[in-house]
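Me: I want to learn how to read a model feature by feature. Please take me through one.

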Amino acid sequence: MSFVIATFYHLVELANYYDMKDAIKTACDNVELRGTILLAEEGINATISGRRNAIDEIFDFLRSDCRLKNLTWKESAAGYQPFSKMKVRLKREIVNLGVSNLDLSLRGQYVDPEHWDNFISQPDVLVIDTRNEYEVKLGKFKNAINPHTQCFREFPQWAKSFSGSKNLKVAMYCTGGIRCEKSTAYMKSLGFNNVYHLKGGILSYLERTHNKNNNWEGECFVFDDRIAVNNSLAPSNQIECIFCSNQVSTDELKSVPRGQVVCSGCKP
């Protein structure tokens, strides 16, 4: 029995986001969806999972709000429900960079997944992974720079100390694209002139290219009980215990702390 996992974000002013919480939670509960939806004045960010008809119904509901009528999402599948409950949370930021008054209109230029491989193969392009250390451990693009951050709020400090030429092309990527909306805007605010980012993130890249050129190495970390997906966006079966390197089972993966994948034999 298959579950559809839908990942999406939409940056748009939601002045009444406090009032939206209960209605969205009720709509999700009515069709037995699970996952997490974040609401803030700057927009919506979510990963949800359910049956095909439930996913279709919730997007019909969300897009009935004229501010969300252009909402798009990325889908993958799993043979089990990767979330334990449905949560709708209110946040100051739907992704927390910790930089006040950042002008998101400065964000970098999109590079479509189909053009990404050719773009980053140019000799004057620096590729930067905006994700956290535990995500990069599972997989990354070849030759990408790893900022070694533990959380997204650490990225500005790393960017300010980054010694790369501000005239080089900077190509940035993340899981689904939302962190790059802010990180590329921040890089441009620092004076970097040619900033680009992978449209739709790694998930769109794998969906649309299937990693045909093998520029992606490893697995893609996701924020649910699957932990990571492979090139086909199916739950990975190659995840290893961080202590003994034995393969970790699906049941052992459920509800593990982020970045702390441990098999039952190594759990304290």
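Me: Which strand does S76 lie in?
Reply: S76 is in strand 4, residues 74-78. Helices (H or I, at least four residues) and strands (E, at least two) are DSSP runs, numbered from the N terminus. Before going on, know that this is a predicted model, in which local features need pLDDT of at least 70 and side-chain atom pairs count only at pLDDT 80 or more, while totals for chains, interfaces and linings use all residues. Residues are numbered from 1 along each chain as its sequence is written, and side-chain values use heavy atoms, with hydrogens and water left out.

Me: Is S76 buried or exposed?
Reply: Buried means under 20% relative accessible area, exposed over 50%, partly exposed in between (1.4 Å probe, protein chains only). S76 counts as buried because its relative accessibility is 15%.

Me: What is S76 in contact with?
Reply: Contact means heavy atoms within 4.5 Å. Set aside neighbours within four places in sequence, and S76 is in contact with F3, V4, I5, R226 and L233. The side chains of S76 and R226 also make a polar contact of 2.8 Å. A polar contact is a pair of N or O atoms within 3.5 Å; within protein, one must be able to donate a hydrogen and the other to accept it, and residues adjacent in sequence count only if both atoms are side-chain atoms.

Me: Which residues line the largest cavity?
Reply: Start with the rule. On a 1 Å grid over the protein atoms alone, a cavity is a set of points where a 1.4 Å probe fits but cannot get out, and a pocket is an open set with protein on both sides within 12 Å along at least five of seven lines; lining residues have an atom within 4 Å of a point. Here the lining of the largest cavity is I5, T7, K74, E75, S76, L203, V222, R226, V229 and L233. Strand 1 and strand 4 are the elements that give two or more residues to this lining. Strand 4 has the largest share, 3 residues.

Me: How many cavities are there, and how much space lies in the largest?
Reply: The count is 1 cavity of 30 Å³ or more. Grid points are joined across faces, edges and corners, and a volume is the space filled by probe spheres set on the points.

Me: What volume does the second largest pocket have, and which residues lie nearest its centre?
Reply: Its volume is about 510 Å³. The lining has 21 residues, with Y9, H10, T72, Y110 and E181 nearest the centre. Strand 1 (3-11) and helix 7 (201-209) are the elements giving two or more residues to the lining of this pocket. Strand 1 gives the most, with 4 residues.

Me: How many of the residues of helix 7 are buried?
Reply: Helix 7 is mostly covered, with 7 of its 9 residues buried. T209 is one of the buried residues. Its relative accessible area is 8%. The T209 side chain reaches the backbone oxygen of Y205 at 2.6 Å.

Me: How far apart are T209 and P113 in sequence and in space?
Reply: They are 96 residues apart in sequence and 7.0 Å apart in space, C-alpha to C-alpha. Beyond its neighbours within four places in sequence, T209 is in contact with P113 and E114.

Me: Which residues have the most contacts inside the largest nonpolar core?
Reply: In soluble globular proteins, nonpolar side chains tend to be buried together. A nonpolar core is a set of buried Ala, Val, Leu, Ile, Met, Phe, Trp, Tyr and Cys residues joined through side-chain atoms within 4.5 Å. The largest one here has 25 residues, and F8, I24, L33, I37, L39, I48 and F59 have the most contacts inside it. A second, separate core of 24 residues includes L38, I128, C180 and F192.

Me: What phi does E32 have, and where does E32 lie?
Reply: Most residues other than glycine have a negative phi. E32 is not a glycine, yet has a positive phi of about 60 degrees. E32 lies in the loop between helix 1 and strand 2. At 68% relative accessibility, E32 counts as exposed.

Me: Where is N214, and what is its phi?
Reply: N214 is in the loop between helix 7 and strand 11 (216-218). N214 has a positive phi of about 55 degrees, although it is not a glycine. N214 counts as partly exposed because its relative accessibility is 47%.
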